[in-house]
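The exercises below are to be worked through with the sequence and the model side by side. Try each task before reading its solution.

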Amino acid sequence: MSEQKEVVEDFDFHGEALDEIFEDYDVMLNKCPVGHSSKYGGFTYIAKSEDIFAAEQDPDTFAVAPSMLLPSFGTDDPLIPIDIDPPTHAGYRKILLPLFTPMNIASLEPGMVETAKQLAEDVISAAADNDGVADVSKLFARPMPTIVFSRLAGYPEEDWPKFDQWVDDIIYRRTKEPEVAYAAGGKITEYFDAMIKKREAEGGEYNDLLDKVLNSQVDGRELTHEEKISYSFLLFLAGLDTTAWALRSSLWYLAGNPKAQQQLRDNPDEIPTAVEEFLRTLSPVQAMARTCLKDTVVQGKEIKAGERVVLVFGAGNRDPEVYEDPHDIKIDREDNRHLAFGGGIHRCLGSNLARKEMVIGLEEFLKRVPSFEHAGGEVWHGVGPLTLRIGKE
C-alpha cells in the first residue's frame, strides 16, 4: 500500500474509483468505519465485517427497498427477489432455490467442463495466431458464464452475441451515462416480454430457469407478467456479469504471480481454496445499498431513519480484525468466511453455481494453457480486455 490517506472523500465503488479502492478501505477500516459520501444522492457507508454481517441479519432496520443496486440497473422497477423485503421476499426466493443446490449444480459439471476445455483451446489457438498474445477476457472469462448460464436459463443460442453489450451498457456505463443504461434496460425488458409471451403462447415444457419462473406461484397465486419480467431481468444480469468478472480477476492475479499460477497448475485440488481467496479480495460485488428504517447507531455513529446506507463488502473482506494480512492474497488461506456473496436472507442465490464455474474454469484453463503473463497492463476490475502473453509448452 502507498502512503496512507487521512480521509476518504466522496467514497465511490464503481469505475475508475476501483483503481485505488483498497487504499480507501484501509483508511475506512482504520480511521472511519462508518462515514458519509455525497455520491449517488448521498449515503452512509459501513465498512467493518461484523457490522455488515449484523446489518445483513437485520432487515427490520436495514431494508433493501427501493433497491440494493446503487445506481440502478437500467430500470426503476424493483428487481425480484433482491429488491424485495420480508415477508414477501421469502416466497420469491423459494421459486429458484431448489435449482441452485449443490446437488443440482453438480449435474451441470460435464457441460461446464466441455465448455471450459473448448474455450481454453480457443485461447491457445488465438495466441498462436497473434505472436503469443490473447485476450482471455473476451475468449474465456466472458463466454464461459454466458454459455453455461444461458443454457441453464434457456436463452436461445442465436441471441447470445448481443448479451455482452447489454451487460456493459447497464453495469459499466450507468454511473456516467445513465441514459445508456436505461436504454439497454428497455431492450432487456422487451426481450423477456417477447420471450415470455412466445413461450406462454406455444406451451410445452422446458427444463430451464425461465420455465421455472413462468410456472411458479408465490403466496398461492401465479406471478404477474411484470413479476416474471423483473425476475428474468435480474437473473440475466446476475448470471452473466459477476462470474465473468471473478474469472477474469482470478486470471489477472495469476498472470502477475507465476509461483501461485504454477502451484495451482501442479496441485489442482488447491483451486477451490484459492477461489475463495480470489472472491474475498477481488470480488465483483464491492458494495450493496440498503435504506435505514429506524434511527440506529453503528460504531458510535448515528444513522437516521430514511438514510441510504451502503454495506461495503469489499472493505469487510479486508478487515484486519478478521483476516491476518488482509491485503495479501494467500491462495491457501483457511477459515475464509468472506462477504463476496453477501449474507443473511439476501445472500446470493447463485453462489454455488458461481463457485463451480470458477473452479472448473480455472482447472481447465491451467490444465491446457501454458504459463502466462500480463501483456497489456490492464486493471484488476471489470470485464474489459485482459491481454496475456501465453508461453510455449
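**Exercise 1.** Is lysine 367 buried or exposed?

Solution. The model is predicted: local features need pLDDT of at least 70, side-chain atom pairs count only at pLDDT 80 or more, and totals for chains, interfaces and linings use all residues. Residues are numbered from 1 along each chain as its sequence is written, and side-chain values use heavy atoms, with hydrogens and water left out.

Step 1: take the cut-offs. Buried means under 20% relative accessible area, exposed over 50%, and partly exposed in between (1.4 Å probe, protein chains only).

Step 2: apply them. Lysine 367 has a relative accessible area of 58%, so lysine 367 is exposed.

Step 3: Lysine 367 belongs to helix 15; helices (H or I, at least four residues) and strands (E, at least two) are DSSP runs, numbered from the N terminus. From C-alpha to C-alpha, lysine 367 lies 8.6 Å from proline 268, although 99 residues separate the two in sequence.

**Exercise 2.** Describe how helix 13 and helix 15 pack.

Solution. Two packed helices are described by the angle between their axes and the distance between the axes. Axes are lines fitted to C-alpha atoms, for helices over the stretch in contact, and angles run from 0 to 180 degrees between N-to-C directions.

Step 1: read them off. Helix 13 (residues 271–281) packs on helix 15 at about 120°, and the axes are 10 Å apart.

Step 2: list the residues in contact (heavy atoms within 4.5 Å). Helix 13 contributes Ile271, Pro272, Val275, Glu276, Phe278 and Leu279, while helix 15 contributes Arg355, Met358, Val359, Leu362, Glu363 and Leu366.

Step 3: sort them by class. Ala, Val, Leu, Ile, Met, Phe, Trp, Tyr, Cys and Pro count as nonpolar, Asp, Glu, Lys and Arg as charged, and the others, Gly among them, as polar. The contact has nine nonpolar, no polar and three charged residues.

**Exercise 3.** Work out why helix 7 is largely enclosed, and what covers its buried residues.

Solution. Step 1: count. Helix 7 (residues 143–153) has eleven residues and ten of them are buried, so the helix is largely enclosed by the rest of the structure.

Step 1: name examples. Among the buried residues are Pro143, Ile147, Phe149 and Leu152.

Step 2: find the cover, which includes helix 5 (109–128), helix 8 (163–172), helix 11 (225–255) and helix 15 (351–368).

Step 3: look just past the end of the helix, where glycine 154 has a positive phi of about 95°.
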